[in-house]
Amino acid sequence: MGIKYLSLRNVGVDNIDLAAAKENDVQITNVPAYSPQSIAEFAVMMALYLSRKVGYMQKQLDQNHQFHFSPYFMGRLMSEQTVGIIGTGRIGQEAIKLFKGLGSNVIAYDKYPQKTTNGQFVYVNDIEELLTQSDIISIHMPATEDNYHQFNHEVFEKMKDTALLINTARGSIVKTDDLLFALQSGEIAGAGIDTIENESADLQDSRSTKQVTDPDVIKLSMMPNVLITPHSAFHTSEAVRNMIDISLSNLVSLNNGDKPKDLVD
């Protein structure tokens with residue numbers, strides 16, 4: 001079709017056939033960091049919502065039409081909890097700052113650790129150590145073949161039964177069927193899910209009026225210990241502005257024959 005350049009407005013390239021692009025001499029750029037703070041803040045918001053049992057309060061009001069205090073709403077302070085961060089890139093580092101600011105004990109795991117932690121957190125030796133120690137686990141790594149369904153039944157069994165899972169990364173990292181079982185059986189206490197497996201195009205179409213038909217989304221949405229959102233953690237005014245500015249700048253550079261710094265190999 002004569003397309004020479006593809007300037008993505010997002011980070012992930014897992015939905016792009018990179019081999020086909022190379023074969024057809026299509027150069028691709030992305031936006032590696034449009035607003036790490038936006039996603040990090042959303043992850044913390046989910047952790048606070050779940051830690052303070054807000055979903056149970058909403059259920060009482062929405063389903064029972066009751067509005068009163070309940071001992072079942074007792075939550076936990078962030079300063080009482082150990083937060084495990086998986087992936088300490090730009091977003092992970094921002095999440096660490098925020099959780100640390102709330103007084104949490106922060107531990108982390110990354111295949112490629114940062115050279116310094118600035119005293120903000122401690123790296124654990126392996127991911128199993130993080131699973132068994134963490135009260136909240138927040139995922140901030142890209143989707144790869146190696147971490148496909150990394151969070152499955154075996155992993156949920158190793159987590160604390162009081163633990164919360166936060167996924168603002170990629171849906172393929174968590175096996176949905178196993179997550180549903182873990183939540184229903186009490187293997188874990190709750191989950192904040194912004195990305196799901198097999199996301200449809202409608203999810204990112206702001207003009208869509210289609211009703212929800214995905215049975216997994218419906219099941220998760222009905223659980224008071226779950227907060228599920230439509231891949232919206234990134235969506236702030238700053239992020240959208242950066243996505244447009246950086247992607248357009250990359251496209252101009254390509255068209256001028258320059259090599260943009262965000263070129264995807």
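The paragraphs below describe strand pairing, salt bridges, aromatic pairs and helix packing in a predicted model.

Strands of a sheet pair through backbone hydrogen bonds, in either a parallel or an antiparallel sense. In an open sheet of 3 strands, the order is β1-β2-β10 and the pairing is mixed. The edges of this sheet are β1 (5-7) and β10 (263-264), each of which pairs on one side only. Between β1 and strand β2 (residues 27-29) there are 3 bridges, and the two strands run parallel. Within this pairing, L6 has I28 of β2 as its bridge partner. Helix α9 (residues 237-255) packs on the sheet and touches β1, β2 and β10. The direction of α9 makes about 160° with that of β1.

Strand β3 (residues 82-86) is joined to strand β4 (residues 105-109) by 5 bridges, with the two strands parallel. At the level of residues, I85 has A108 of β4 opposite. On the way from β3 to β4 the chain passes through helix α4 (residues 90-101), giving a β-α-β crossover that is right-handed. Strand β4 also pairs with strand β5 (residues 122-123), in the parallel sense and over 2 bridges.

Attention now turns to charged side chains. Side chains of opposite charge can pair when their charged atoms come close. Across the whole structure, 7 salt bridges are found. One of these joins the side chains of R76 and D135, with an N to O distance of 3.5 Å. R76 belongs to the loop between α3 (54-64) and β3, while D135 belongs to the loop between α5 (127-133) and β6 (136-139), so this pair ties together parts 59 residues apart in sequence. The two partners can also be described by their accessibility: R76 is partly exposed at 32% relative accessibility, whereas D135 is buried, with a relative accessible area of 5%.

D135 has another partner in K160, and in this salt bridge the closest N and O atoms are 2.9 Å apart. Because K160 sits in the loop between α6 and β7 (164-167) and D135 in the loop between α5 and β6, the contact ties together parts that are 25 residues apart in sequence. K160 is partly exposed, its relative accessible area being 28%. Taken together, R76, D135 and K160 are linked in a network of salt bridges.

Elsewhere, D146 and K111 form a salt bridge whose closest N and O atoms lie 3.4 Å apart. This pair links distant parts of the chain, 35 residues apart: D146 is in the loop between β6 and α6 (153-158), and K111 is in the loop between β4 and β5. Both partners are exposed, with a relative accessible area of 62% for D146 and 54% for K111.

The aromatic side chains come next. A pair of aromatic rings is described by the distance of the centres and the angle of the planes. The structure holds 3 aromatic pairs. Y34 and F234 form one that is edge-to-face, at 6.2 Å centre to centre and with 80° between the planes. Y34 lies in the loop between β2 and α2 (36-51) and F234 in the loop between β9 (226-228) and α9, so the pair ties together parts that are 200 residues apart in sequence. Y34 is buried, with a relative accessible area of 10%, and F234 is likewise counted as buried, at 13% relative accessibility. Another aromatic pair, F151 with F156, is tilted, with 6.3 Å centre to centre and 50° between the planes. Both F151 and F156 are buried.

The buried residues of α7 are T176, D178, L179, L180, A182 and L183. These buried residues pack against α6, β7, β8 (190-193), α8 (215-221) and β9. After α7 comes G186, which has a positive phi, near 90°.

Terms used
Residues are numbered from 1 along each chain as its sequence is written. This is a predicted model: local features need pLDDT of at least 70, side-chain atom pairs count only at pLDDT 80 or more; totals for chains, interfaces and linings use all residues. Side-chain values use heavy atoms; hydrogens and water are left out. Two strands pair if DSSP finds at least two bridges between them. Helices (H or I, at least four residues) and strands (E, at least two) are DSSP runs, numbered from the N terminus. A crossover is right-handed if, with the strands pointing away from the viewer, the path from the first strand over the helix to the second runs clockwise. A salt bridge is a side-chain nitrogen of Lys or Arg within 4 Å of a carboxyl oxygen of Asp or Glu. Buried means under 20% relative accessible area, exposed over 50%, partly exposed in between (1.4 Å probe, protein chains only). Contact means heavy atoms within 4.5 Å. Axes are lines fitted to C-alpha atoms, for helices over the stretch in contact, and angles run from 0 to 180 degrees between N-to-C directions. Rings of Phe, Tyr and Trp (its six-membered ring) pair if their centres lie within 6.5 Å; planes under 30 degrees apart count as stacked, over 60 as edge-to-face and the rest as tilted.
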